Amino acid sequence: MILTKQEQKMLEGEHGEAVQQSMEILVALGKIYDAEKMIQVKSAQISGVSYKTIGDAGLAYLQDLASKHARVKIPSFLNPAGMDRRQWKEMKIPEEFAKKQIEILDAYTSMHIMPTCTCAPYEIGIRPRKHDHIAWSESSAVSFTNSVLGARTNREGGPSALAAAICGITPSYGLHLDENRVSELVIDVECKLNNASDFAALGVYVGKLAKNKHPAFKGVRKSMYGSRIHDEDLLKSLGAAMAASGSVALFYVEDTTPEYAVSKKPEKISFTEKELNAARKELNKCNEKPEIITLGCPHASLEQIREVAKLLRKKKLTCELWVCTSQQMKKRADAYGYAAIIEKAGGKLIADTCMVVCPLETIGYKITGADSGKAAKYLESLCKQKVVFNDMKTLIENNSESIKK
Ligand code: F3S
């Protein structure tokens, strides 16, 4: 790997121990993936924020880096943490967990990383441009920014995204190179997708088949016309599900995504009503009443929060409801009055965290409703939940009652 003089100095420790340690990570990655050189990146999105996922070892690593005066060189921001920083008591988060979580956030902010705590930074104005090189790590955010925005990032791990943030560079390999962004798999979608949970079911099905190929979809655009849900919300649901069931980091949708690069002889598969029903059935692991419905995976947009509020007008929930989003989006939902409607019905807008990376199982829930393919997968494996998978409207209608005057 060829390093510039400046990069060589960084590796030799002339810019301090934190930079040297970070360069060692980047150079090791570059060697593994045969990168010829480093490239500059414009932003970093860093996962490994929840105490639930990184534990004491992760906290010690961050505190060690912070003690070496690590500072990020480029705009850098955080993935969801393990709790809402303001409402953690209402979420019934144990005090010890909250203490550790705050220490993690303190370590990150001491490095000048923005505590956005969201997996959908593109919803709050952090939108890389087409062809921008970036180093993002949360799998759904990686998929969205590569596919829907046309930026270039590999699926970084938390430590490599942090190293890129500290050094402002990343090894040039994988999805940073145009030749690696060509689809070899075309999916002809022959059925109508009615809502975001159908896009999620499609994603879970295709993610398993695609593994790390880049799927290209035909026939999806028609399901977007007239949908009450914003196009981007449907695509983020699709991408998140593929990233969870496979390791898809880039996809194309004909007539929709800014790029659509398909090889001359791709493998072709069809997705019909039959596959859709089978995928939905596989995600729905339980026919009991949920104790809690969790929406907002990836983090909910204002349009999705508005839709929830609309469904809850003059209703009372018969189970708990969390709509997960960022602090910034929650503020907007407060200003528009959507939060008040959701709260009046008995639900909560939860910021900074999500159903998967918070300690849902420790709080005591066992049966969770979800409309997201990614949440459905991880609620089962990481949170020991029985999952009731359905679309947002059905989940809310089946678990609320009208308020009689
Ligand atoms: Fe985001 Fe949590 Fe889903 S990090 S993509 S809401 S599992």
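These legends describe close-up views of one predicted model.

The model is predicted, so local features need pLDDT of at least 70 and side-chain atom pairs count only at pLDDT 80 or more, while totals for chains, interfaces and linings use all residues. Residues are numbered from 1 along each chain as its sequence is written, and side-chain values use heavy atoms, with hydrogens and water left out.

**View 1**
The ligand sits in the largest pocket. A pocket is an open set of points on a 1 Å grid over the protein atoms alone, where a 1.4 Å probe fits, with protein on both sides within 12 Å along at least five of seven lines; lining residues have an atom within 4 Å of a point. A molecule sits in a pocket if more than half of its atoms lie within 2 Å of its grid points. Pro80, Cys119, Glu138, Ser140, Gly296, Cys297, Pro298, Cys354, Val356 and Lys374 surround the ligand.

**View 1. A cis peptide bond beside the ligand shell.**
Cys297 and Pro298 are among the residues surrounding the ligand. The peptide bond from Cys297 to Pro298 is cis, with omega near -10°. Pro298 lies in the loop between strand E10 (292-295) and H11. Helices (H or I, at least four residues) and strands (E, at least two) are DSSP runs, numbered from the N terminus.

**View 2. Helix H11, an enclosed element.**
Eight of the 11 residues of H11 are buried, so the helix is largely enclosed by the rest of the structure. Buried means under 20% relative accessible area, exposed over 50%, and partly exposed in between (1.4 Å probe, protein chains only). The buried set is Leu302, Gln304, Ile305, Glu307, Val308, Ala309, Leu311 and Leu312. Lys314 follows H11 and has a positive phi, near 55°.

H12 spans residues 327-336, and its buried residues are Gln327, Met329, Lys330 and Ala333. Seen down the axis of H12, these residues fall within an arc of 160°, so they line one face of the helix. The arc is that of the directions from the helix axis to the C-beta atoms. The face turned away from the buried side carries the exposed residues Lys331, Ala335 and Tyr336. The buried residues of H12 pack against helix H11 (302-312), strand E12 (320-325), helix H13 (338-344) and strand E13 (348-351). Contact means heavy atoms within 4.5 Å. Gly337 follows H12 with a positive phi, near 85°.

Met392 is found in helix H16 (residues 392-398). At 11% relative accessibility, Met392 counts as buried. Not counting residues up to four places away in sequence, Met392 touches Leu295, Gln304, Glu307, Val308, Leu311 and Asp371. Met392 and Gln304 are 88 residues apart in sequence and 9.5 Å apart in space, C-alpha to C-alpha. On the H11 side, Leu311 is buried, with a relative accessible area of 13%. Leu311 and Met392 are 81 residues apart in sequence, with 9.1 Å between their C-alpha atoms.

**View 3. Leu65 in helix H3.**
Leu65 belongs to helix H3 (residues 51-67). At 2% relative accessibility, Leu65 counts as buried. Beyond four places away in sequence, Leu65 touches Ala18, Gln21, Ala70, Met111, Leu162 and Ile166. The C-alpha atoms of Leu65 and Gln21 are separated by 8.8 Å, and the two residues are 44 residues apart along the chain.

**View 4. Loop residues with positive phi.**
Lys92 is found in the loop between strand E3 (76-78) and helix H4 (95-110). Phi of Lys92 is positive, near 65°, in a residue other than glycine. At 53% relative accessibility, Lys92 counts as exposed. Cys117 is found in the loop between H4 and strand E4 (135-136). Cys117 is not a glycine, yet has a positive phi of about 50°. Cys117 is buried, with a relative accessible area of 0%.

Technical notes: A residue is near a molecule or strand if one of its heavy atoms lies within 4 Å of it.
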